Amino acid sequence: MSSHKTEHYKLHTWAAGDDFLREEFNDNFEALDASVRMVTGAYAGDGEAQRVIHLGLTPLAVLLVTQDGVIRSGSNTSYTYGGLALPQRPARTPDNKPAVEIVENGFRVGSRLQGNYIWTNWGADTYHYIAFY
């Protein structure tokens, strides 16, 4: 039997004199399978006011940036290109409009040219995301 477990995932570890049990290996694999996972991807903006990027799962967090890694820019940071969205906590523009929002089975982005600009679906840009679920 294992004599120790790891701090964060509680995986079995063995010292030199420990016996190995198949059940402990299976426990380790089940714990890893149940841990936080992520999906990465990219999409080309189409300029629509709103658009849902379908992932087939509802994420716990989404980080969105442009192909250049930009989240916000402009002389007064009024252009929002991405950000970190959490459930019920969208990434917002300086004037408090949602720029990236988690929805069922994906996340919503948009394009808006009034007030502080939302460019998370701008037609000239490619966007990259990491979605944790």
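Of the 133 residues in the protein chain, buried ones make up 35%. Keep in mind that this is a predicted model.

Q: Why is serine 78 called buried?
A: Its relative accessibility is 7%, and buried means under 20%, so serine 78 gets that label. As for where serine 78 sits, look in the loop between β6 (72-73) and β7 (79-80). Leaving aside residues up to four places away in sequence, serine 78 touches Ser73, Asn116 and Tyr117.

Q: What makes phenylalanine 25 count as partly exposed?
A: Phenylalanine 25 comes in at 34% relative accessibility. Buried would need under 20% and exposed over 50%, so at 34% phenylalanine 25 lands in between, as partly exposed. You'll find phenylalanine 25 in helix α1 (residues 22-34). It also belongs to a nonpolar surface patch with Tyr9, Phe20, Phe29 and Leu32, and together the five have about 550 Å² of accessible area.

Q: Which elements does the protein chain have, and in what order do they run?
A: There are 1 helix and 13 strands. From the N terminus on, the order is β-β-α-β-β-β-β-β-β-β-β-β-β-β.

Q: Why is the protein chain called more spread out than a compact globule?
A: For 133 residues the globule rule gives 14 Å, but the radius of gyration here is 21 Å, well over that, so the chain is more spread out than a compact globule. Along the principal axes, the C-alpha atoms fill a box of roughly 65 × 30 × 25 Å.

Note on methods:
Residues numbered from 1 in each chain as written. Predicted model: local features only at pLDDT ≥ 70, side-chain atom pairs only at ≥ 80, totals over all residues. Heavy atoms only, no water. Helix = DSSP H or I, 4+ residues; strand = E, 2+ residues; numbered from the N terminus. Buried < 20%, exposed > 50% of the residue type's maximum accessible area, 1.4 Å probe, protein only. Contact = heavy atoms within 4.5 Å. Patch = residues over 30% accessible without salt bridge, like charges linked within 9 Å, V, L, I, M, F, W, Y side chains within 5 Å. Areas by Shrake-Rupley, 256 points an atom, 1.4 Å probe, with all protein chains shown as cover. Salt bridge = Lys/Arg side-chain N within 4 Å of Asp/Glu carboxyl O. Rg over C-alpha atoms; globule rule 2.2 N^0.38 Å.
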